[in-house]
2 protein chains.
Amino acid sequence: MADDKALTPRSEDFSAWYNEVVARAELADHSPVRGSMVIRPWGYGIWENMQRALDDKFKATGHENAYFPLLIPMSFIEKEKEHVAGFKPELAVVTHAGGKELEEPLVVRPTSETIIYHMFAKWVQSYRDLPILMNQWANVMRWELRTRLFLRTSEFLWQEGHTAHATEAEAEAETRQMLGVYRSFMEEWIGMPVVTGLKSESEKFAGAMRTYTCEAMMQDNRALQAGTSHNLGQNFAKQFDLKFQSEAGSEEYAWNTSWGVSTRMVGGMVMTHGDDSGIVVPPRLAPTQVVVVPIYRKEHERAAVVEKAWHVRAALDAMGVRTKVDDRDHLNPGAKFWEWERKGVPFRIEVGPKDLEKGQLCLVKRVRAEGEDRKMFLPEDAVISSLPERLEAFQRELFEAARARREANSHRGVKSLGELNEILDGPGGFVYTGWSGDPSVEARIKEATRATLRCIPDPDFRSDRAPEKCIGGEAPSKMEVMWAKAY
Amino acid sequence: MADDKALTPRSEDFSAWYNEVVARAELADHSPVRGSMVIRPWGYGIWENMQRALDDKFKATGHENAYFPLLIPMSFIEKEKEHVAGFKPELAVVTHAGGKELEEPLVVRPTSETIIYHMFAKWVQSYRDLPILMNQWANVMRWELRTRLFLRTSEFLWQEGHTAHATEAEAEAETRQMLGVYRSFMEEWIGMPVVTGLKSESEKFAGAMRTYTCEAMMQDNRALQAGTSHNLGQNFAKQFDLKFQSEAGSEEYAWNTSWGVSTRMVGGMVMTHGDDSGIVVPPRLAPTQVVVVPIYRKEHERAAVVEKAWHVRAALDAMGVRTKVDDRDHLNPGAKFWEWERKGVPFRIEVGPKDLEKGQLCLVKRVRAEGEDRKMFLPEDAVISSLPERLEAFQRELFEAARARREANSHRGVKSLGELNEILDGPGGFVYTGWSGDPSVEARIKEATRATLRCIPDPDFRSDRAPEKCIGGEAPSKMEVMWAKAY
């Protein structure tokens with residue numbers, strides 16, 4: 001690989017920059033199967049840290065993991081009308097197995113509502129069997145021809161939560177609770193601020209009653225839909241006969257929710273924090289948080305600095321800091337620095353013969369805060385003891401920088417189509433306007449600008465400037481909505 | 001479900017017992033897709049604990065996780081001759097995707113050697129890029145019509161380790177190291193003793209140079225192949241052009257290994273420890289290690305015993321003991337006891353009004369050791385403080401009981417075909433004999449007894465009685481081998 005070539009700057013071609021940093025950080029690679037990617041250890045390690053943090057949050061909110069089949073009978077997918085319309089064009093279909101043609105084709109799951117609610121129907125008799133709060137970690141398949149690693153691939157890894165409740169109110173509370181779990185995970189772990197809100201009818205999940213979303217702003221000012229939480233109403237329960245006997249003795253359909261986030265979030269992390277030197281991994285997600293590079297010119301210097309490097313690593317490991325020593329002999333220090341910068345490791349420690357003499361270490365942070373030195377020479381103990389707090393501080397700085405960038409590129413109270421167009425054709429970003437709720441306005445704007453109605457933001461995060469008129473014309477506005485061009 | 005019906009005793013019909021305990025412990029369920037199972041939360045929780053322990057062991061031995069595509073081009077599978085012969089009859093094939101017929105059919109991975117070594121070939125140039133030590137946690141598909149939950153299903157969950165090395169010796173050392181990792185995991189975590197050894201030519205993995213195996217004895221005296229580790233030689237490297245420049249400058253093919261264990265181990269756990277009351281989950285694998293059941297007849301008693309139950313839970317949780325309070329009101333204590341016994345929770349604590357008065361708790365162990373009381377009434381503090389050690393002791397007892405049972409059903413130094421037949425037709429078990437290495441002897445015995453040569457046991461675990469003659473006749477024996485009927 002042309003690892004010695006500089007990266008295309010973000011300002012020049014953001015899309016080329018993305019492809020290059022993903023490849024050169026060894027996050028992922030293209031596979032021989034069109035549309036499918038290979039997630040390499042550095043990318044998978046980040047995903048594992050995401051999984052662990054999310055899984056803890058799911059379990060803390062009472063969910064249990066389970067596993068449902070990869071293959072789903074075609075007839076299941078076809079039961080829910082909107083669902084099949086949404087997913088049929090993207091299906092991969094198994095027609096032959098065990099050397100024979102199958103009587104009924106099986107689809108590789110694009111999502112698992114149908115088979116999961118079929119199983120719930122087997123397990124639920126009475127209100128006492130509710131709620132069911134389950135999650136599965138799985139691969140899913142939605143056929144794509146134009147692939148972008150992590151952002152748009154035929155196969156991707158995700159989690160899909162599926163729940164069943166006795167009442168509509170409980171299902172709605174669950175849907176919103178999981179939106180909140182996603183929001184806090186994305187902000188606290190990925191350092192990626194999100195606007196949460198409700199999708200319009202035309203943008204909601206195929207088969208849902210209501211879809212809530214997390215929308216993040218990438219550095220090119222486009223929106224990334226990073227996670228969704230659906231209140232499915234009784235749509236699937238009716239198709240899959242998911243009924244229960246209520247406490248009063250009547251037979252009722254259950255209320256379902258589903259919610260998912262995927263490896264797409266790795267792409268979101270890259271486009272939120274990366275710079276022209278490579279990706280930047282927030283400390284909480286970094287498989288390696290600190291890399292220690294021993295520096296020596298002569299062979300007689302080697303033993304002492306390498307020993308010190310391992311000593312530092314042991315001290316950091318004992319404090320719960322994930323640390324690696326890069327003692328490869330065939331690379332010079334500059335090549336190592338460059339490699340770990342591309343991979344986005346939060347801190348680097350350099351240790352050479354002079355540092356040994358002075359009892360110091362050289363600490364380098366992946367992204368400097370204002371006023372910070374590029375290289376900090378500090379006593380060894382001070383470096384070691386301060387690293388846990390420095391990692392947390394860096395985590396916060398990344399989030400704050402991303403939030404400041406998003407705010408700088410958010411346009412509130414936009415009143416005319418002309419102004420909307422001007423922003424979307426120019427700098428881009430999140431544009432807030434009033435909306436009457438008329439779908440034809442939404443369609444017209446999408447047609448004209450290729451931007452979509454990303455969400456009706458959560459009242460909690462809504463601008464105070466209540467819009468008076470719908471962006472589409474003279475009709476009164478019923479709600480504030482947010483528009484953006486999206487991935 | 002007919003939860004109130006007694007289980008079929010193991011002695012009456014082991015196979016029926018297995019199906020019943022798996023269903024009634026809610027480990028798994030049949031799905032509407034023939035051959036595919038649903039792993040329910042209790043079963044998946046056990047699998048998660050297996051995964052966590054194995055993953056730690058893989059990482060401690062230098063392996064990293066990655067993820068490769070689910071779908072593999074048919075032409076890849078066809079490259080390695082023995083490999084395709086072994087797997088072709090079991091393939092599930094995607095012929096249509098995105099609304100079109102594919103130019104080349106894609107198979108749902110039955111195992112991933114082909115696509116992984118194709119990618120390794122992209123990443124490896126020099127000896128400095130070696131070794132590659134990777135693992136993936138994934139679902140795989142091998143079409144089956146006769147399904148048994150966990151033991152034989154079309155789709156199953158597993159891990160597959162894949163490595164590439166510069167020398168044959170390194171690959172062989174890796175193959176054996178991972179066999180050792182499996183052995184220690186199975187013995188220390190599942191409490192399932194295994195005989196490790198080499199597979200014969202006819203039983204090895206399709207495409208391997210050498211296959212090592214872990215063979216466990218189930219309670220019906222049949223063998224369960226619980227994990228395998230393969231030295232693949234250069235078979236795949238040659239087909240996928242996985243070459244590197246050696247330190248001396250020559251171009252050489254890499255040496256590969258692969259190794260895997262699956263959800264089948266959950267079935268092994270059931271058939272190793274289960275009894276006529278249900279399954280028994282070894283403490284280290286139990287999602288819930290202790291269940292606390294509050295007992296009360298009158299409503300005024302309820303508050304105090306339920307409060308005590310939660311207090312006990314908090315104290316145990318703080319000590320790292322995974323504890324649950326079963327305070328469901330619509331079930332009587334007997335029904336709860338029965339349910340948790342079926343699910344194999346290691347310890348139950350009962351707490352009623354009398355126990356409160358006396359400051360005691362009633363502790364019940366899922367399987368009594370010799371001389372232990374069924375119900376142990378002990379001071380509250382004594383119960384709480386002793387539970388971590390009791391759990392570890394129970395873990396050891398389960399392993400020792402399984403080992404004693406296996407030893408009692410192992411037949412060493414068997415010299416004649418008559419004796420071999422008699423054992424295999426009668427009590428069954430593991431039968432050790434001499435073997436000349438002649439495949440026709442192996443084929444003949446398989447034909448006559450339906451038992452297979454399970455392995456050539458590791459010299460370390462080999463009987464001292466060096467056999468003089470091959471079991472097949474007058475030829476001198478070259479090695480000791482172990483025979484059994486197998487799952």
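Me: Cys362(A), in β18(A), is the bridge partner of Glu350(A). What makes β17 and β18 of chain A a pair?

Reply: The model is a predicted one, and the test is a count of bridges: two strands pair if DSSP finds at least two between them. Strand β17 (residues 347–351) and strand β18 (residues 360–365) of chain A have four bridges, so they pair, and they do so in the antiparallel sense.

Me: Which helix packs on the sheet and touches β18 of chain A?

Reply: Helix α9 (residues 299–318) of chain A does, and β15 (290–294), β16 and β17 of chain A are touched as well. The direction of helix α9 makes about 165° with that of β15(A). Helix α10 (residues 333–343) of chain A lies across β15 and β17 of chain A and runs at about 170° to β15(A).

Me: What is the strand order of the five-stranded open sheet of chain A?

Reply: The order is β16-β15-β17-β18-β19, with mixed pairing. 

Me: Why are β16 and β19 of chain A called edge strands?

Reply: β16 (323–325) and β19 (375–379) of chain A each pair on one side only, and therefore they are the edges. Between neighbouring strands of this sheet the average turn is 25°, direction ignored.

Me: How many domains does chain A have, and where do they run?

Reply: Chain A is divided into domain 1 (14–273), domain 2 (288–392) and domain 3 (410–484). The C-alpha centres of domain 1 and domain 3 of chain A lie 27 Å apart.

Me: How do you know that domain 1 of chain A touches domain 3 of chain A?

Reply: Contact requires C-beta atoms within 7 Å of each other. By that test, 15 residues of domain 1 of chain A are in contact with 16 residues of domain 3 of chain A. On the domain 1 side, β9 (194–198) and β10 (210–217) of chain A are the elements that give two or more residues. β9(A) gives the most, with four residues. By class, the residues of that side are four nonpolar, six polar and five charged.

Me: How do you know that chain B touches chain A?

Reply: In chain B, 43 residues are in contact with 43 residues of chain A. Strand β5 (residues 92–97) of chain B gives the most to the chain B side, with six residues. That side has 26 nonpolar, ten polar and seven charged residues.

Me: What joins strand β5 of chain A to β5(B)?

Reply: Five bridges join them, and the two strands run antiparallel. Val94(A) stands opposite Val94(B) in β5(B). Of the 279 residues in the largest nonpolar core, Val94(A) and Val94(B) touch the most other members. Among the residues that Val94(B) touches are Ala92(A), Val93(A), Val94(A) and Val108(A), and also Leu71(B) and Leu102(B).

Me: How do you know that the peptide bond between Leu130(A) and Pro131(A) is cis?

Reply: Omega there is about -5°. Pro131(A) is found in the loop between α5 (113–123) and β7 (132–141) of chain A. In chain B, the bond from Leu130(B) to Pro131(B) is cis too, with omega near -5°.

Key: Residues numbered from 1 in each chain as written. Chains lettered and ligands numbered in written order. Predicted model: local features only at pLDDT ≥ 70, side-chain atom pairs only at ≥ 80, totals over all residues. Domains from an automatic or database assignment. Contact = placed C-beta atoms within 7 Å. Nonpolar A, V, L, I, M, F, W, Y, C, P; charged D, E, K, R; others polar. Axes fitted to C-alpha atoms, helices over the stretch in contact; angles between N-to-C directions. Core = buried A, V, L, I, M, F, W, Y, C linked by C-beta atoms within 7 Å. Buried ≥ 20, exposed ≤ 12 C-beta atoms within 10 Å, placed from the backbone. Lists of a residue's contacts leave out its neighbours within four places in sequence.
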